2 protein chains.
Amino acid sequence: MKYYIGVELGVRNIIVGVVDKYGKMLRKEAVPTLKDRGYSEIIKDIVQLALKVTEEEDIDFKSIKYFGVGCPGIPNKHEGTIVRNYILGFVNTPIRAELQKHINLPVYVENDANCAALAESVAGAAEDIDFSVTIKLGVGIGGGIIINNKIYSGFNFAGAELGHMVIAHEGELCTCGRRGCWEAYASATALVNQTKKAAYENPESLINIIVNNDLDKINELTAFEAAKQGDKVGKLVVQKYIEYLVEGIVNIMNIFMPEVIILSGELSKLGDNLIKPLTELAHKKVYSKEVRLPSIKVAETGSAAIVIGAAMLGRYMDR
Amino acid sequence: MKYYIGVELGVRNIIVGVVDKYGKMLRKEAVPTLKDRGYSEIIKDIVQLALKVTEEEDIDFKSIKYFGVGCPGIPNKHEGTIVRNYILGFVNTPIRAELQKHINLPVYVENDANCAALAESVAGAAEDIDFSVTIKLGVGIGGGIIINNKIYSGFNFAGAELGHMVIAHEGELCTCGRRGCWEAYASATALVNQTKKAAYENPESLINIIVNNDLDKINELTAFEAAKQGDKVGKLVVQKYIEYLVEGIVNIMNIFMPEVIILSGELSKLGDNLIKPLTELAHKKVYSKEVRLPSIKVAETGSAAIVIGAAMLGRYMDR
């Protein structure tokens with residue numbers, strides 16, 4: 001039996017896990033990233049954690065087949081580098097070469113959102129489905145595209161930036177400098193801002209009571225909570241947010257027609273309360289209605305997604 | 001040497017061509033579609049034309065390897081049918097089965113815009129390029145996506161509807177019923193309407209002189225013509241149109257990062273006068289700038305695109 005090491009190299013934490021060939025996480029360990037110390041120290045920690053999780057699982061390190069690293073930023077998959085990630089301070093950072101100073105294994109480097117999409121494809125909501133798109137509603141909107149069970153990210157590995165699809169010409173300013181990007185309307189951050197604005201403008205709204213009149217306590221679930229309790233303002237915020245979300249989702253359907261679109265992030269915890277109205281509106285607005293349409297599902301691999309996807313990179317090689 | 005038959009089954013004309021393995025059109029013949037007569041008569045004409053072009057080229061029909069049909073609408077590629085095309089009156093129309101009553105060959109059925117994209121990939125502006133997206137700026141915006149040299153159209157074959165990507169939330173009403181679709185802003189039809197409106201509102205504009213004050217003579221090149229001659233109104237129309245076009249093109253870059261984006265249709269005849277400002281603005285607005293970026297090119301297979309692409313379907317099987 002072969003095993004696989006997956007690494008989530010995040011801004012705050014490094015998580016290393018050992019995964020079986022079905023994409024099942026057997027054990028994981030984490031340490032703080034401490035990003036300012038530079039990549040070679042970070043890589044040393046990754047190697048230590050990899051040795052630790054295999055030892056703890058009683059797995060001979062010789063039975064590890066592939067090593068995969070998921071990291072924010074644009075990877076160069078041929079070179080095994082991260083071309084750029086501002087927050088981690090990575091510029092053409094040679095992840096593979098540095099890891100191979102310590103371990104004699106094939107190393108794959110991939111964008112973290114793409115890893116999460118692969119995890120859903122291998123062991124999550126898109127298991128046994130060839131075409132899927134996974135969308136993470138978080139600070140921004142991250143996307144991963146799976147075509148024929150493999151990650152698709154374009155000729156320069158920088159594609160699948162679904163959050164930076166403009167849905168509102170000359171609309172809200174996005175962090176990327178363009179106006180009207182989907183993530184400026186439909187990320188969790190955007191929803192929090194929409195909720196705060198509505199609460200501020202409507203002091204009578206239940207939203208204010210839920211957060212004890214402290215708008216900073218509003219999170220992406222607050223408006224849904226208020227709506228559930230019958231609050232008009234909450235309902236309006238939710239309705240408008242679903243419209244924004246559907247705008248991008250229908251675009252993705254019209255463009256990709258994946259068999260399933262998977263949502264992850266805190267909002268996905270709403271389950272059917274989000275998925276049902278979303279699906280109804282999306283299927284009403286999609287261009288081609290005479291065919292079986294994509295379903296929308298909640299992600300299943302949770303916080304293990306990036307590690308599992310990274311571990312599976314070698315098995316589902318993308319080029 | 002093997003040869004390939006490609007068919008453009010259009011609303012007005014049927015064009016049948018014989019194509020070599022490099023995607024070179026050797027000969028083609030056309031007849032009017034006369035769509036009201038029903039598909040079985042249409043298929044008979046297709047067979048007749050196929051026999052005619054091979055005979056005229058002195059090609060033994062036995063050396064024909066594959067037969068391909070490009071048609072507007074959604075195909076079912078497994079069944080070889082057209083699921084739906086309202087204009088041709090096709091509903092689950094069994095193109096393959098009907099053709100195989102007359103000829104004993106593998107028959108492929110595909111959407112016409114997808115065929116055009118394949119033609120560019122095999123023998124046009126994306127030759128030797130694995131990832132390309134071809135966009136036809138016409139009455140609407142048609143799209144075709146080539147991934148690893150094959151047509152991508154999703155699990156239900158209804159994807160790649162790039163014109164029906166919303167770029168303007170709550171914007172112009174589109175023929176599909178949604179508001180703000182890219183084709184409502186950036187198709188040739190949209191540009192004609194934008195030009196007419198500007199000419200009507202600005203009687204002093206050169207646009208009116210170019211068309212002898214007959215707004216119905218305005219076409220998609222008129223504003224560019226006026227702009228070239230220094231007309232302020234023409235320049236504004238062109239500038240705004242390029243902004244709309246770039247909005248969708250940058251979305252496509254952020255999502256797909258194809259190595260090349262190919263434009264076809266009358267507007268592509270503008271060549272560098274269109275491609276240069278488009279590329280400059282798109283590369284300024286794209287999300288990831290630290291990597292080699294997609295180029296934008298003019299289509300090369302012209303009016304033969306659909307026939308060539310249809311003929312090549314078997315060689316570049318998409319599933």
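This is a predicted model: local features need pLDDT of at least 70, side-chain atom pairs count only at pLDDT 80 or more; totals for chains, interfaces and linings use all residues.
**Figure 1. The contact between chain B and chain A.** The contact draws 48 residues from chain B and 48 residues from chain A. Together the two chains bury about 4,400 Å², of which 58% lies on carbon and sulfur atoms. Between chain B and chain A there are 34 residue pairs in polar contact, both residues being at pLDDT 80 or more. On the side of chain B that touches chain A, the elements giving two or more residues are strand S6 (81-85), strand S10 (141-147) and helix H8 (232-256) of chain B. The largest share of this side, 10 residues, is contributed by H8(B). By residue class, the side of chain B that touches chain A comprises 27 nonpolar, nine polar and 12 charged residues.

**Figure 2. The relation between the two copies.** Chain B is superposed on chain A by a rotation of 180 degrees with 0.0 Å of shift along the axis, at an RMSD of 0.0 Å. This is therefore the relation of a two-fold axis. Both copies use the same surface, since 100% of the contact residues of chain B recur in chain A.

**Figure 3. A salt bridge between the chains.** B:Glu247 and A:Arg178 form a salt bridge in which the closest N and O atoms are 3.2 Å apart.

Figure 4. B:Asn156 is located in the loop between S11 and H4 of chain B. With 7% relative accessibility, a value under 20%, B:Asn156 counts as buried. Leaving aside residues up to four places away in sequence, B:Asn156 touches residues of both chains: A:Met257, A:Val291, A:Arg292, A:Leu293, B:Ile74 and B:Pro75. The side chain of B:Asn156 reaches the backbone oxygen of A:Arg292 at 2.8 Å. It also reaches the backbone nitrogen of B:Ala158, at 3.0 Å. The C-alpha atoms of B:Asn156 and B:Met25, which are 131 residues apart along the chain, are separated by 30 Å.

**Figure 5. Surroundings of B:Cys174.** B:Cys174 lies in the loop between S11 and helix H4 (183-186) of chain B. Its relative accessibility is 6%, so B:Cys174 counts as buried. When residues up to four places away in sequence are not counted, B:Cys174 touches B:His164, B:Cys181, B:Glu183 and B:Ala184. A distance of 9.2 Å separates the C-alpha atoms of B:Cys174 and B:Tyr185, which are 11 residues apart along the chain.

**Figure 6. Two asparagines with positive phi.** Most residues other than glycine have a negative phi. B:Asn149, although not a glycine, has a positive phi of about 70 degrees. The residue is placed in the loop between S10 and strand S11 (150-152) of chain B. B:Asn149 counts as partly exposed, at 26% relative accessibility. B:Asn212 is likewise not a glycine and has a positive phi of about 50 degrees. B:Asn212 is found in the loop between helix H6 (206-210) and helix H7 (222-228) of chain B. At 61% relative accessibility, B:Asn212 counts as exposed.

**Figure 7. A salt bridge between B:Glu57 and B:Arg27.** The closest N and O atoms of B:Glu57 and B:Arg27 are 3.0 Å apart in this salt bridge. The pair links distant parts of the chain, 30 residues apart: B:Glu57 belongs to the loop between helix H1 (39-56) and strand S4 (64-71) of chain B, and B:Arg27 to strand S3 (residues 25-32) of chain B. B:Glu57 is partly exposed at 26% relative accessibility, and B:Arg27 is partly exposed at 30%. In chain A, salt bridges that share partners join A:Arg27, A:Glu56 and A:Glu57 into one network.

**Figure 8. Two salt bridges within chain A.** A:Glu201 and A:Lys197 meet through their side chains in a salt bridge of 3.3 Å, N to O. Because these residues are four residues apart in helix H5 (residues 188-201) of chain A, about one helical turn separates them. A:Lys197 is exposed, with a relative accessible area of 52%. A:Lys35 forms a salt bridge with A:Asp36, in which the closest N and O atoms are 3.8 Å apart. A:Lys35 is partly exposed, with a relative accessible area of 31%, whereas A:Asp36 is exposed at 75%.

Technical notes. Residues are numbered from 1 along each chain as its sequence is written. Chains are lettered from A and ligands numbered from 1 in the order in which they are written. Side-chain values use heavy atoms; hydrogens and water are left out. Contact means heavy atoms within 4.5 Å. Buried area is the accessible area (1.4 Å probe) that two parts lose on being put together, summed over both. A salt bridge is a side-chain nitrogen of Lys or Arg within 4 Å of a carboxyl oxygen of Asp or Glu. A polar contact is a pair of N or O atoms within 3.5 Å; within protein, one must be able to donate a hydrogen and the other to accept it, and residues adjacent in sequence count only if both atoms are side-chain atoms. Ala, Val, Leu, Ile, Met, Phe, Trp, Tyr, Cys and Pro count as nonpolar, Asp, Glu, Lys and Arg as charged, and the others, Gly among them, as polar. Copies are superposed by least squares on the C-alpha atoms of residues with pLDDT of at least 70 in both. Buried means under 20% relative accessible area, exposed over 50%, partly exposed in between (1.4 Å probe, protein chains only).
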